[in-house]
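This report describes the fold of one protein and then turns to a selected part of it. Please keep the sequence and the structure in view while reading.

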Amino acid sequence: MINYQSKQIVIDALIKVINAAPGLYSQRNYLYPQTYESRDVSMQEFNTWMEYANQILDISYNHIGYNAILTTKMAIGQLSSQYGVSFIQRVDQIKQELLNLTQLILQYQ
């Protein structure tokens with residue numbers, strides 16, 4: 001059984017990961033559009049965000065021990081390495097997985 005405070009800590013951390021996701025319209029893209037493809041984020045931004053997401057998932061699992069976190073981490077690993085899919089599409093898919101995980105954690109007793 002997970003107490004409410006532990007759930008809230010993990011959910012808050014996951015929401016921070018979602019909110020930190022790279023996007024097409026960041027200030028940096030607006031100021032320096034020539035350094036970015038017009039419809040994607042850079043590989044470096046994507047990889048940095050993925051490292052952050054994986055670290056938070058690891059810490060979250062260690063904190064509450066909920067197996068859905070590991071399942072989500074595996075799904076995200078597969079999504080992040082899709083061939084032929086833009087980084088921004090991967091970001092959107094991964095954000096959805098993280099949102100689904102927050103819902104599962106809310107429902108977890």
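This is a predicted model: local features need pLDDT of at least 70, side-chain atom pairs count only at pLDDT 80 or more; totals for chains, interfaces and linings use all residues.

Residues are numbered from 1 along each chain as its sequence is written, and side-chain values use heavy atoms, with hydrogens and water left out.

The protein has five helices and zero strands; helices (H or I, at least four residues) and strands (E, at least two) are DSSP runs, numbered from the N terminus. Of its 109 residues, 37% are buried. Buried means under 20% relative accessible area, exposed over 50%, and partly exposed in between (1.4 Å probe, protein chains only).

Helix α1 covers residues 4-19. Its two sides can be set out as follows.

| Group in α1 | Residues |
|---|---|
| Buried | Ser6, Lys7, Val10, Ile11, Leu14, Val17, Ile18 |
| Exposed, on the other side | Tyr4, Gln5, Lys16, Asn19 |

An α-helix has 3.6 residues a turn, so residues three or four places apart point the same way. The cover over the buried residues of α1 includes α3 (43-64) and α5.

Thr102 belongs to helix α5 (residues 87-107). Thr102 counts as buried because its relative accessibility is 7%. Apart from neighbours within four places in sequence, Thr102 is in contact (heavy atoms within 4.5 Å) with Ile11, Leu14 and Ile15.

Note on methods:
The expected span of a helix is 1.5 Å times one less than its number of residues.
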